[in-house]
Amino acid sequence: MGALFTKDTQAIFWNNNASAIQRMLDYDYVINRVKPSVAAIVAPTSGNKFEKFFYGPDEIMVPVFRNTVEAAAAFPKADVLLNFASFRTAYDVTMEAITIKGQFKTVMVTAEGIPERLARKMNQAARDAGVVVIGPATVGGISPGAFKIANVGGTIENIVNSKLHRAGSCGLVTRSGGLFNELSNIISINADGIAEGVAIGGDRFVGSVFIDNLLRMERNPEVKYMVLLGEVGGTEEYKVIEAVKSGLIKKPIIAWCIGTIAKHFSSGVQFGHAGASANADAETAAAKNIAMAEAGIFVPASFNDLPKTIADVYTKLRNEGIVTEIVEPELKTVPKVRRKKEFICTISDDRGDEATYAGYPISSVATPETGFGIGDVISLLWFKKRYPKWATDYLETVIKTVADHGPAVSGAHNAKVTARAGKDVISSLVTGLLTIGPRFGGAIDDAARYFKYANDNGMTPAQFIDYMKKEGKTISGIGHRIKSVRNPDLRVSGLKKYAAEHFPATPLLDFALEVEKLTTSKKDNLILNVDGTIGILMVDMWRALGYSESDIDGFIEAGALNAFFVVGRSIGFIGHILDEKRLGMPMYRHPTDDILYNVEMADEI
Amino acid sequence: MAQRAIREYDGKAIFSKHWEKYFSGFHYGFKSVLVTNGDDLRAKAQEHGFEWLKQEALVAKPDMLFGKRGKNDLVLFRTNKPGDVTLEEAASWIDAKIANETILLSGQKGTLTHFIIEPFTPHSQDQEYYISATTVGEDDVLYLSAEGGMEVEEGWEEKVNEVTIPITMDDASIAHLIRANVPAGIPAENKERFIAFAEQFYKFYRDQNFAYLEINPIVMVGNDMHILDLVARLDDTAGFMMGEAWCGAEFPTAFGMEDQSPEEKAIAEADSKSGASLKLTILNPMGRIWTMVAGGGASVVYADTIADLSGNVADLANYGEYSGGPTTGETKFYAETVLDLMTRHKDPKGRDKILIIGGAIANFTDVAKTFTGIIQAFEVYADRMKAHNTRIYVRRGGPNYEKGLKDIKEAADRLGLYIEVYGPETHVTDIVRMALEK
């Protein structure tokens, strides 16, 4: 209770600040965190789906999202937002984050110079929503041994030197980020390091102030005493004085306000941060230092004496047994030289005893008694998921359905011609496959794409037909050369029957059948054909498996539907090639009387 | 970047630009001109739209951010009797004022350079009201009084109603709150008008990102509003959102403040063009101790410690900082500027010059890289630094600090400069003690 962050805390990092993220992950590795502290990155202008970072000697992939809402939906447990947006957009980013119910407990804002009115609104909205804002204009904070925000603590060497890799017994609060590091160092030299620390930020209006942090530290049993580094300007230190006087804070506090220099210069010289300018005598550093000392806070004679005061208080607590010896934890070390990997593989791994498909050893999927069919293997290697039986059966049905469609179609014809030219199986197969595209086999892709688009956008069947007419496109998946309502395609009937019996729901097929009703009322052969049925049911399958619409769009864009056709039809092509080899057919030459020759003399230009 | 004062003229120009949007039931003439000398004013009077300068009795006063102009006898509104000042008299008066140094009752002194000229507005004391708004803590506060002018400042507690408006309050509640707090002294026939104006005044203050806005007095004659005296500060961090709304208002240096030196201006300009932060203020050009400190917080700590330990704040020559990862080129320029200033004057008592190159443990600034810039500046200024018996004390930590410290030590040794270097194991300000004890 009371700790700002734990070893399980995960953050969403707004802006792809690669060096800061890498420092967080280096820290995670050194302190033996189980999960990386950065769950996801939000980068509105990035086209990437992930960024690679080092995790110790290896690399990991951190997913990238275009906005905070999507990132939060994917990582509902990431309750810290590290807002590294510029002063122009930091306000909007924080406000959006606050409205995501139940997501963020802490938002850290690094931008300096957010308009004051916006900063005040942001801070108030956060308080009302129970969200702790650290900043603006801060380097952040740290719970040593658990979670570190971005650049706090600097390099990994300094972190270890300043004992920021494991919890000590001091709670540290500063305004300045640069001095935060310095104070951590001083506390590590003169005491046993810090248990938790926050740099609240240098702007005039910051979200969490000294007292908010000190009260939390008072409740945190890991914190045995606090160090507060204040500044000239503002009255926040007086709230701390009140809390000490009223007994709300009982743990010892060591404090110093910097900016005593300001008394020597009447006005006009801005020393330090925007918040640092005294508007009244009570706001001067000297007045605050005196008032704090009078309240019983430990205040050194000057900043130069601060280390001694810390050592004195620490030694006293040590002698009283309040602070005990810390057992130094084992640390991992980050290699000095690390090489980025050129390739990434997320589907299979041949490094162990036995190669695996998405984690499944090949022997565990290969033989019949494993219960795995080719549909299961496809679901593992193509989609990195184990699909339920109704889905893998569907995948196999598709492959069987598209395996061949006779020798006359362009792909089979090409394969046969190539085989008869004396070429090998691979060359012949490839010439067949190369014909697969928008006109041959492509209807599966296009049917899935267009029917889904219509359905996603709430079009009625009639609106969809109008839309396609306006686009000047025939509706892929509708129409057959011979088959019609009265002479149905039995392949389609089989697929529909299977789906009706085994799919949890078929909303897109239902929509397509409504479309078919309208098209067949115009012309009898404008039926939903086999390509359309396959593509549309594939979408219904993915929906029923819980994929998001954007995931499914991604599958279609990547060509996954085409891929089923490629795999299935390869079986047929190979059949035709082997057939040619078996028959020993000679070289094929197309008869000239089947060609219309219409060649004119070329003009000279 | 902070709250910054603007001229009265610019404040009124912003009012005028947005008048119809906020104060459509009221009338405001915005008859004001800003000039820097008598001829400037005479020329303005020839322009179309400014005929009133020749036709009406005028009031002239300096427009240089300081108040209490009446008490300082710096408001020209009478020659023989109130309201008889002509264009020529105003122009001559301005020329007389700019010819000599002006000393205010507060002791501030300097040369007047900017004047605002407006028509004389005859009115009675009971037509004067007071209104202002600012931020107190996290809230906005609107101050309202039935008495304006100098009257209100004497007896503030009794005469002024304070209306505290939380940042998230909606417009309907704000209207209700203002109505409930209208000063009792406002006469019945003006009450509704005053409430309506106060409400719109607050929204104007809020929407235009003022940090402080005061009209004292505001004179209400029916629906005619006369803004007789105005003080305003803008939150300049909001500048990027405001565009033309601020009418190009400038942020002048306060009267009596020395204008910035060319060196300070050069650093300020480099700062505005850089993603990093570069700040320089010269406190005493003859000072003995010069600082080149990284970081906003650390720079203050060094200044504090130098003042504490030297026993004489006049020894501290400058205040400044560089932070946020400046490039080598930027650091070189910054260092050269400081070294040049440091080696212009011999210490009057013949003592050594002390150069403090300080800083806390950096979070992400590459120490070796920034020190490279400083070393390049040493190479240019080494002879002059030696001529001033400069002793250099370095303390720094952070990324790549070992290399930075080694490089700067080697460079100083090679150039024959006295140097001591320390890392994070030494307390951040302890080099000040070492430098002063030697």
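**View 1. Crossing of helices H15(A) and H22(A) in the predicted model.** From H15(A), Val425(A), Ser428(A), Leu429(A), Gly432(A) and Leu433(A) meet Val566(A), Ser570(A), Phe573(A), Ile574(A) and Ile577(A) of H22(A), two residues being in contact if their C-beta atoms, placed from the backbone, lie within 7 Å. The residues of this contact divide into seven nonpolar, three polar and no charged, where Ala, Val, Leu, Ile, Met, Phe, Trp, Tyr, Cys and Pro count as nonpolar, Asp, Glu, Lys and Arg as charged, and the others, Gly among them, as polar. Helices (H or I, at least four residues) and strands (E, at least two) are DSSP runs, numbered from the N terminus. In this predicted model local features need pLDDT of at least 70 and side-chain atom pairs count only at pLDDT 80 or more, while totals for chains, interfaces and linings use all residues. Residues are numbered from 1 along each chain as its sequence is written, and chains are lettered from A and ligands numbered from 1 in the order in which they are written.

**View 2. The contact of chain A with chain B.** This contact takes 43 residues from chain A and 44 residues from chain B. On the side of chain A that touches chain B, helices H4 (116-129), H5 (156-161) and H6 (177-190) of chain A each supply at least two residues, and the largest share, seven residues, comes from H6(A). The residues of that side divide into 14 nonpolar, 22 polar and seven charged.

**View 3. Surroundings of Ile356(B) in the largest nonpolar core.** Of the 160 residues in this core, Ile356(B) is among those that touch the most other members, together with Ile12(A), Leu82(A), Met226(A), Val227(A) and Leu228(A). A nonpolar core is a set of buried Ala, Val, Leu, Ile, Met, Phe, Trp, Tyr and Cys residues joined through C-beta atoms within 7 Å, and a residue is buried if 20 or more other C-beta atoms lie within 10 Å of its own, exposed if 12 or fewer, and partly exposed in between. Helix H13 (residues 367-387) of chain B gives the largest share of the core, nine residues. Not counting residues up to four places away in sequence, Ile356(B) touches Ile289(B), Thr291(B), Val293(B), Tyr302(B), Tyr393(B), Ile431(B), Val432(B) and Ala435(B).

View 4. The peptide bond from Gly135(A) to Pro136(A) is cis, with omega near 5 degrees, and Pro136(A) is found in the loop between strands E7 (132-134) and E8 (140-143) of chain A. Ala150(A), in the loop between strand E9 (147-148) and H5 of chain A, has a positive phi of about 45 degrees although it is not a glycine. With 26 C-beta neighbours inside 10 Å, Ala150(A) counts as buried.
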